[in-house]
Amino acid sequence: MLSKMFANLLETWDDALLNVGIQTRTFSCEIRTVVLLFTLMYSLLTVTTIIWITIKVVLSKQLISHIKDRSVFITGCDTGFGNYLAKTLDRKGVNVFAGCLTKQGANKLEQETSSRLTTILVDVAKKESVKGAFDLISRRLAEKGLWGLVNNAGVIAAYAPAELTSLEQFEKVIQVNLMGTIYVTHTFLPLVRKSRGRIVNVSSVMATCPFPGISHYVTSKAAIKMFTSCLRRELLRTGVTAHTIEPGAFNTALTDHSRLTSMMQTGLHGASEEQRQFYGGNIAKYVMFAIKQRHKYVNSHPINVADAMAHALLARYPETRYLVGLDAHLFFRLMSLIPERAGDFIFGWPKPYGKMFDDFIH
(Lines give C-alpha, C1' and ligand atoms only; values in the text may rest on other atoms or scores of the structure.)
Protein backbone atom coordinates (compact mmCIF):
# COMPACT_ATOMS: atom_id res chain seq x y z
CA MET A 1 0.00 0.00 0.00
CA LEU A 2 2.73 2.44 1.02
CA SER A 3 4.89 1.54 -1.97
CA LYS A 4 1.94 2.21 -4.29
CA MET A 5 1.31 5.59 -2.64
CA PHE A 6 4.98 6.53 -2.99
CA ALA A 7 4.98 5.42 -6.63
CA ASN A 8 1.98 7.67 -7.29
CA LEU A 9 3.74 10.52 -5.49
CA LEU A 10 6.83 9.98 -7.64
CA GLU A 11 4.72 10.03 -10.81
CA THR A 12 3.05 13.27 -9.69
CA TRP A 13 6.49 14.73 -8.97
CA ASP A 14 7.75 13.73 -12.44
CA ASP A 15 4.67 15.29 -14.06
CA ALA A 16 5.13 18.53 -12.10
CA LEU A 17 8.76 18.84 -13.18
CA LEU A 18 7.81 18.01 -16.77
CA ASN A 19 5.35 20.93 -16.74
CA VAL A 20 8.27 23.30 -16.11
CA GLY A 21 10.42 21.70 -18.80
CA ILE A 22 12.45 19.27 -16.67
CA GLN A 23 12.51 15.66 -17.90
CA THR A 24 13.25 13.25 -15.03
CA ARG A 25 11.91 9.94 -16.34
CA THR A 26 15.17 9.33 -18.18
CA PHE A 27 16.86 8.85 -14.76
CA SER A 28 16.63 5.64 -12.77
CA CYS A 29 13.92 5.20 -10.17
CA GLU A 30 16.52 5.24 -7.38
CA ILE A 31 17.92 8.65 -8.41
CA ARG A 32 14.41 10.14 -8.79
CA THR A 33 13.48 8.80 -5.34
CA VAL A 34 16.56 10.34 -3.70
CA VAL A 35 15.90 13.71 -5.35
CA LEU A 36 12.24 13.62 -4.28
CA LEU A 37 13.10 12.75 -0.66
CA PHE A 38 15.76 15.47 -0.51
CA THR A 39 13.30 18.03 -1.89
CA LEU A 40 10.60 17.01 0.59
CA MET A 41 13.01 17.21 3.55
CA TYR A 42 14.38 20.57 2.39
CA SER A 43 10.85 21.95 1.96
CA LEU A 44 9.82 20.68 5.39
CA LEU A 45 12.91 22.19 7.01
CA THR A 46 12.31 25.53 5.28
CA VAL A 47 8.66 25.71 6.31
CA THR A 48 9.49 24.67 9.90
CA THR A 49 12.22 27.31 10.12
CA ILE A 50 9.91 30.05 8.83
CA ILE A 51 7.20 29.05 11.32
CA TRP A 52 9.72 28.92 14.20
CA ILE A 53 11.19 32.34 13.35
CA THR A 54 7.70 33.85 13.00
CA ILE A 55 6.59 32.48 16.38
CA LYS A 56 9.85 33.62 18.00
CA VAL A 57 9.50 37.18 16.64
CA VAL A 58 5.84 37.44 17.68
CA LEU A 59 6.54 36.16 21.20
CA SER A 60 9.60 38.39 21.62
CA LYS A 61 7.46 41.49 21.06
CA GLN A 62 5.15 40.72 23.98
CA LEU A 63 5.92 42.61 27.19
CA ILE A 64 5.01 42.03 30.82
CA SER A 65 2.11 43.98 32.30
CA HIS A 66 2.22 46.86 34.81
CA ILE A 67 5.65 48.05 33.71
CA LYS A 68 5.25 51.31 35.62
CA ASP A 69 4.84 49.36 38.85
CA ARG A 70 8.16 47.55 38.42
CA SER A 71 11.43 48.52 40.09
CA VAL A 72 14.92 47.68 38.86
CA PHE A 73 18.37 48.10 40.44
CA ILE A 74 21.30 48.53 38.03
CA THR A 75 24.99 48.70 38.97
CA GLY A 76 27.64 50.58 37.00
CA CYS A 77 25.47 53.43 35.72
CA ASP A 78 28.12 56.17 35.56
CA THR A 79 28.85 55.45 31.89
CA GLY A 80 28.51 52.73 29.27
CA PHE A 81 25.85 50.04 29.10
CA GLY A 82 24.44 50.69 32.57
CA ASN A 83 24.01 54.37 31.85
CA TYR A 84 22.16 53.63 28.60
CA LEU A 85 19.97 51.05 30.32
CA ALA A 86 19.02 53.40 33.16
CA LYS A 87 17.90 56.03 30.63
CA THR A 88 16.05 53.44 28.51
CA LEU A 89 14.08 52.03 31.43
CA ASP A 90 13.35 55.52 32.74
CA ARG A 91 11.80 56.45 29.38
CA LYS A 92 9.67 53.30 29.53
CA GLY A 93 8.27 54.30 32.92
CA VAL A 94 10.18 51.82 35.09
CA ASN A 95 11.24 52.88 38.59
CA VAL A 96 15.02 52.76 38.38
CA PHE A 97 17.59 52.60 41.16
CA ALA A 98 20.83 53.47 39.39
CA GLY A 99 24.01 52.46 41.19
CA CYS A 100 26.89 54.82 40.45
CA LEU A 101 30.47 54.72 41.68
CA THR A 102 31.04 58.50 41.60
CA LYS A 103 29.03 61.52 42.65
CA GLN A 104 29.83 63.15 39.33
CA GLY A 105 28.34 60.23 37.40
CA ALA A 106 25.25 60.22 39.62
CA ASN A 107 24.66 63.97 39.23
CA LYS A 108 24.98 63.81 35.44
CA LEU A 109 22.54 60.89 35.21
CA GLU A 110 20.00 62.67 37.42
CA GLN A 111 20.09 65.68 35.10
CA GLU A 112 19.32 63.49 32.09
CA THR A 113 16.43 61.48 33.55
CA SER A 114 13.08 61.91 35.28
CA SER A 115 12.17 61.84 38.96
CA ARG A 116 11.38 58.12 38.62
CA LEU A 117 15.12 57.43 38.65
CA THR A 118 17.01 57.39 41.94
CA THR A 119 20.80 57.34 41.95
CA ILE A 120 22.68 55.47 44.68
CA LEU A 121 26.41 55.68 45.32
CA VAL A 122 27.64 52.11 45.55
CA ASP A 123 30.97 50.30 45.21
CA VAL A 124 30.11 46.69 44.38
CA ALA A 125 33.54 45.53 45.55
CA LYS A 126 32.71 46.57 49.13
CA LYS A 127 30.17 44.54 51.08
CA GLU A 128 29.21 47.42 53.37
CA SER A 129 28.51 49.66 50.37
CA VAL A 130 26.28 46.98 48.78
CA LYS A 131 24.48 46.51 52.11
CA GLY A 132 23.88 50.27 52.31
CA ALA A 133 22.30 50.25 48.85
CA PHE A 134 20.13 47.30 49.86
CA ASP A 135 18.89 49.07 53.00
CA LEU A 136 17.99 52.21 51.04
CA ILE A 137 16.14 50.31 48.31
CA SER A 138 14.34 48.11 50.85
CA ARG A 139 13.01 51.19 52.64
CA ARG A 140 11.85 52.73 49.37
CA LEU A 141 10.10 49.55 48.23
CA ALA A 142 8.50 48.89 51.63
CA GLU A 143 6.61 45.60 51.21
CA LYS A 144 7.05 45.43 47.44
CA GLY A 145 9.70 43.27 45.85
CA LEU A 146 12.40 44.20 43.35
CA TRP A 147 11.48 43.11 39.83
CA GLY A 148 14.92 43.35 38.25
CA LEU A 149 18.56 43.20 39.34
CA VAL A 150 21.19 44.06 36.73
CA ASN A 151 24.83 43.32 37.58
CA ASN A 152 26.54 45.51 35.03
CA ALA A 153 29.47 47.10 36.92
CA GLY A 154 32.79 45.98 35.48
CA VAL A 155 36.39 47.05 34.95
CA ILE A 156 39.45 46.07 32.95
CA ALA A 157 42.82 46.75 34.56
CA ALA A 158 45.36 45.76 31.91
CA TYR A 159 45.92 44.91 28.29
CA ALA A 160 49.06 42.82 28.43
CA PRO A 161 50.26 39.22 28.54
CA ALA A 162 49.14 37.29 31.62
CA GLU A 163 52.76 37.24 32.83
CA LEU A 164 52.86 41.05 32.81
CA THR A 165 49.43 41.43 34.42
CA SER A 166 50.09 41.86 38.13
CA LEU A 167 48.35 39.83 40.80
CA GLU A 168 46.90 43.11 42.08
CA GLN A 169 45.31 43.72 38.67
CA PHE A 170 43.88 40.19 38.62
CA GLU A 171 42.50 40.66 42.13
CA LYS A 172 40.97 44.05 41.34
CA VAL A 173 39.09 42.80 38.28
CA ILE A 174 37.95 39.59 39.98
CA GLN A 175 36.84 41.60 43.00
CA VAL A 176 34.71 44.04 40.98
CA ASN A 177 33.49 41.93 38.06
CA LEU A 178 32.95 38.56 39.72
CA MET A 179 32.80 39.05 43.48
CA GLY A 180 30.82 42.28 43.01
CA THR A 181 28.23 40.35 41.02
CA ILE A 182 28.09 37.69 43.73
CA TYR A 183 27.89 40.23 46.58
CA VAL A 184 25.03 42.09 44.94
CA THR A 185 23.15 38.92 43.99
CA HIS A 186 23.49 37.42 47.48
CA THR A 187 22.26 40.64 49.06
CA PHE A 188 19.34 41.43 46.74
CA LEU A 189 18.06 37.93 45.92
CA PRO A 190 15.44 37.97 48.74
CA LEU A 191 13.96 41.17 47.28
CA VAL A 192 13.93 39.70 43.76
CA ARG A 193 12.39 36.47 45.04
CA LYS A 194 9.60 38.45 46.69
CA SER A 195 8.44 39.66 43.27
CA ARG A 196 9.45 36.49 41.36
CA GLY A 197 11.61 38.78 39.27
CA ARG A 198 14.70 38.59 37.09
CA ILE A 199 18.48 38.74 37.49
CA VAL A 200 20.48 39.99 34.51
CA ASN A 201 24.27 39.60 34.61
CA VAL A 202 26.62 41.13 32.06
CA SER A 203 29.19 38.61 30.83
CA SER A 204 30.97 38.75 27.45
CA VAL A 205 31.27 36.78 24.22
CA MET A 206 34.83 36.11 25.36
CA ALA A 207 33.45 33.97 28.18
CA THR A 208 33.33 31.09 25.69
CA CYS A 209 36.05 32.33 23.32
CA PRO A 210 39.33 33.03 25.19
CA PHE A 211 40.96 36.23 23.97
CA PRO A 212 44.68 36.74 24.73
CA GLY A 213 45.92 39.96 26.32
CA ILE A 214 43.03 40.39 28.74
CA SER A 215 43.15 37.08 30.59
CA HIS A 216 42.09 38.67 33.90
CA TYR A 217 38.97 40.20 32.29
CA VAL A 218 38.04 37.06 30.32
CA THR A 219 38.45 34.91 33.44
CA SER A 220 36.04 37.10 35.40
CA LYS A 221 33.44 37.14 32.61
CA ALA A 222 33.61 33.37 32.10
CA ALA A 223 33.02 32.89 35.83
CA ILE A 224 30.02 35.26 35.70
CA LYS A 225 28.50 33.23 32.87
CA MET A 226 28.88 29.98 34.83
CA PHE A 227 27.60 31.59 38.04
CA THR A 228 24.49 32.80 36.22
CA SER A 229 23.83 29.40 34.62
CA CYS A 230 24.12 27.65 38.00
CA LEU A 231 21.86 30.26 39.58
CA ARG A 232 19.25 29.87 36.84
CA ARG A 233 19.08 26.12 37.38
CA GLU A 234 18.93 26.45 41.15
CA LEU A 235 16.01 28.89 40.83
CA LEU A 236 14.30 27.05 37.97
CA ARG A 237 11.02 26.38 39.79
CA THR A 238 10.94 29.44 42.04
CA GLY A 239 9.65 31.99 39.54
CA VAL A 240 12.99 33.87 39.55
CA THR A 241 14.95 33.76 36.27
CA ALA A 242 18.60 34.55 35.53
CA HIS A 243 19.96 35.81 32.20
CA THR A 244 23.34 36.63 30.70
CA ILE A 245 24.15 39.51 28.37
CA GLU A 246 27.16 38.69 26.19
CA PRO A 247 28.18 41.74 24.15
CA GLY A 248 30.74 41.69 21.39
CA ALA A 249 33.14 44.60 20.91
CA PHE A 250 31.34 47.89 21.52
CA ASN A 251 32.60 51.45 21.62
CA THR A 252 32.88 52.05 25.38
CA ALA A 253 35.60 53.08 27.83
CA LEU A 254 36.68 49.42 28.00
CA THR A 255 37.58 49.37 24.30
CA ASP A 256 39.04 52.87 23.99
CA HIS A 257 42.06 52.76 21.63
CA SER A 258 44.31 55.14 23.57
CA ARG A 259 43.51 53.44 26.87
CA LEU A 260 44.34 49.97 25.57
CA THR A 261 47.56 51.28 24.00
CA SER A 262 48.58 52.91 27.26
CA MET A 263 47.86 49.67 29.17
CA MET A 264 50.05 47.65 26.81
CA GLN A 265 52.88 50.17 27.06
CA THR A 266 52.62 50.29 30.86
CA GLY A 267 52.78 46.52 31.06
CA LEU A 268 55.97 46.34 28.99
CA HIS A 269 57.65 49.28 30.69
CA GLY A 270 57.08 47.66 34.07
CA ALA A 271 58.57 44.35 32.93
CA SER A 272 62.08 43.03 33.47
CA GLU A 273 64.66 43.35 30.71
CA GLU A 274 64.25 39.68 29.80
CA GLN A 275 60.46 40.07 29.60
CA ARG A 276 60.75 43.20 27.47
CA GLN A 277 63.00 41.34 25.04
CA PHE A 278 60.57 38.39 25.01
CA TYR A 279 57.32 40.36 24.49
CA GLY A 280 58.53 43.69 23.08
CA GLY A 281 59.34 42.57 19.56
CA ASN A 282 57.04 40.50 17.34
CA ILE A 283 54.31 40.15 19.97
CA ALA A 284 54.18 43.88 20.81
CA LYS A 285 54.08 44.78 17.12
CA TYR A 286 51.26 42.30 16.51
CA VAL A 287 49.19 43.45 19.50
CA MET A 288 49.62 47.17 18.79
CA PHE A 289 48.61 46.64 15.17
CA ALA A 290 45.49 44.78 16.37
CA ILE A 291 44.61 47.65 18.72
CA LYS A 292 44.98 50.21 15.91
CA GLN A 293 42.76 48.13 13.61
CA ARG A 294 40.20 47.48 16.34
CA HIS A 295 38.21 50.66 15.67
CA LYS A 296 37.18 49.25 12.28
CA TYR A 297 35.33 46.39 13.95
CA VAL A 298 34.04 47.94 17.18
CA ASN A 299 30.27 48.44 17.21
CA SER A 300 29.43 52.12 17.66
CA HIS A 301 25.91 51.52 19.00
CA PRO A 302 26.17 50.47 22.67
CA ILE A 303 22.47 51.26 23.00
CA ASN A 304 21.92 47.81 21.41
CA VAL A 305 23.27 46.21 24.57
CA ALA A 306 20.92 48.31 26.72
CA ASP A 307 18.02 47.21 24.51
CA ALA A 308 18.97 43.55 25.08
CA MET A 309 19.08 44.15 28.84
CA ALA A 310 15.69 45.87 28.72
CA HIS A 311 14.25 42.93 26.79
CA ALA A 312 15.58 40.49 29.40
CA LEU A 313 13.80 42.54 32.07
CA LEU A 314 10.53 43.45 30.39
CA ALA A 315 9.75 40.79 27.78
CA ARG A 316 7.08 38.24 28.63
CA TYR A 317 9.27 35.51 27.12
CA PRO A 318 12.91 36.57 27.61
CA GLU A 319 15.94 34.69 26.33
CA THR A 320 18.30 33.03 28.79
CA ARG A 321 21.33 34.26 26.84
CA TYR A 322 21.70 37.41 24.75
CA LEU A 323 24.53 37.62 22.23
CA VAL A 324 24.71 41.27 21.18
CA GLY A 325 26.52 42.59 18.11
CA LEU A 326 27.22 41.28 14.64
CA ASP A 327 30.66 40.00 15.68
CA ALA A 328 29.09 38.11 18.58
CA HIS A 329 26.74 36.23 16.24
CA LEU A 330 28.89 35.74 13.14
CA PHE A 331 32.40 35.41 14.55
CA PHE A 332 32.56 34.62 18.26
CA ARG A 333 29.69 32.13 18.17
CA LEU A 334 31.52 30.21 15.45
CA MET A 335 34.85 30.47 17.30
CA SER A 336 33.28 28.94 20.41
CA LEU A 337 32.28 25.86 18.38
CA ILE A 338 35.50 25.10 16.52
CA PRO A 339 38.20 22.77 17.94
CA GLU A 340 40.54 24.31 20.50
CA ARG A 341 43.56 23.81 18.25
CA ALA A 342 41.90 25.77 15.45
CA GLY A 343 41.08 28.58 17.90
CA ASP A 344 44.69 28.63 19.08
CA PHE A 345 45.85 29.04 15.49
CA ILE A 346 43.42 31.94 14.85
CA PHE A 347 43.93 33.85 18.11
CA GLY A 348 47.45 32.79 19.03
CA TRP A 349 50.18 35.41 19.18
CA PRO A 350 53.33 35.20 16.98
CA LYS A 351 56.74 33.97 18.08
CA PRO A 352 58.42 36.06 20.80
CA TYR A 353 61.59 38.16 20.55
CA GLY A 354 62.41 39.91 17.26
CA LYS A 355 63.29 43.57 16.72
CA MET A 356 61.98 45.78 19.52
CA PHE A 357 58.81 47.62 18.47
CA ASP A 358 59.48 51.35 17.97
CA ASP A 359 56.66 52.47 20.27
CA PHE A 360 58.50 50.88 23.21
CA ILE A 361 61.98 52.08 22.37
CA HIS A 362 61.05 55.75 22.76
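## Lys131 and Asp135

Asp135 is partly exposed, with a relative accessible area of 25%. Partly exposed sits between buried, under 20% relative accessible area, and exposed, over 50% (1.4 Å probe, protein chains only). Lys131 is partly exposed as well, at 41%. The two residues form a salt bridge, with their closest N and O atoms 2.9 Å apart. A salt bridge here is a side-chain nitrogen of Lys or Arg within 4 Å of a carboxyl oxygen of Asp or Glu. Lys131 and Asp135 are 4 residues apart in helix 5, so about one helical turn separates them. Helices (H or I, at least four residues) and strands (E, at least two) are DSSP runs, numbered from the N terminus.

This is a predicted model, in which local features need pLDDT of at least 70 and side-chain atom pairs count only at pLDDT 80 or more, while totals for chains, interfaces and linings use all residues. Residues are numbered from 1 along each chain as its sequence is written, and side-chain values use heavy atoms, with hydrogens and water left out.

## Other salt bridges

The whole structure holds 8 salt bridges. Side chains of opposite charge can pair when their charged atoms come close. One of the bridges joins Lys225 and Glu246, at 2.9 Å from N to O. Lys225 lies in helix 7 (residues 215–234) and Glu246 in strand 6 (residues 241–247), so this pair ties together parts that are 21 residues apart in sequence. Both Lys225 and Glu246 are buried.

Arg116 and Asp90 also meet through their side chains, at 3.9 Å from N to O. Arg116 lies in the loop between helix 4 (103–111) and strand 3 (117–121), and Asp90 in helix 3 (residues 80–91), so the pair links parts that are 26 residues apart in sequence. Arg116 is partly exposed, with a relative accessible area of 35%. Asp90 is buried, at 5%. Elsewhere, a network of salt bridges links Lys87, Lys108 and Glu112.

## Helix 5 against helix 6

Two packed helices are described by the angle between their axes and the distance between the axes. Helix 5 (residues 127–141) and helix 6 (residues 167–194) have axes that come within 10 Å and cross at roughly 20 degrees. Helix 5 is therefore roughly parallel to helix 6. Axes are lines fitted to C-alpha atoms, for helices over the stretch in contact, and angles run from 0 to 180 degrees between N-to-C directions. Angles under 35 degrees count as roughly parallel, over 145 as roughly antiparallel, 65 to 115 as roughly perpendicular and the rest as oblique.

The crossing of helix 5 and helix 6 is right-handed. In a right-handed crossing the near helix is turned clockwise from the far one by less than a right angle; anticlockwise is left-handed. On the helix 5 side, the contact uses Lys127, Val130, Ala133, Phe134, Ile137, Ser138 and Leu141; they meet Tyr183, Val184, Thr187, Phe188 and Leu191 of helix 6. Contact means heavy atoms within 4.5 Å. By class, this contact has 9 nonpolar, 2 polar and 1 charged residues. Ala, Val, Leu, Ile, Met, Phe, Trp, Tyr, Cys and Pro count as nonpolar, Asp, Glu, Lys and Arg as charged, and the others, Gly among them, as polar.

## Helix 6 against helix 7

The axes of helix 6 and helix 7 come within 8 Å and cross at roughly 20 degrees. The two helices are therefore roughly parallel to each other. Their crossing is right-handed.

The contact divides into 10 nonpolar, 8 polar and 1 charged residues.

## Helix 8 against helix 10

Helix 8 (residues 257–269) and helix 10 (residues 282–294) have axes that come within 9 Å and cross at roughly 165 degrees. They are therefore roughly antiparallel to each other. This crossing is right-handed.

Helix 8 contributes His257, Leu260, Thr261, Met264 and Leu268, and helix 10 contributes Ala284, Val287, Met288, Ile291, Lys292 and Arg294. The contact has 7 nonpolar, 2 polar and 2 charged residues.

## Positive phi in loops

His66 has phi near 55 degrees, a positive value in a residue other than glycine. His66 is found in the loop between helix 2 (29–60) and strand 1 (71–74). His66 is exposed, with a relative accessible area of 57%.

Ala142 is not a glycine, yet its phi is positive, at about 60 degrees. Ala142 lies in the loop between helix 5 and strand 4 (148–151).
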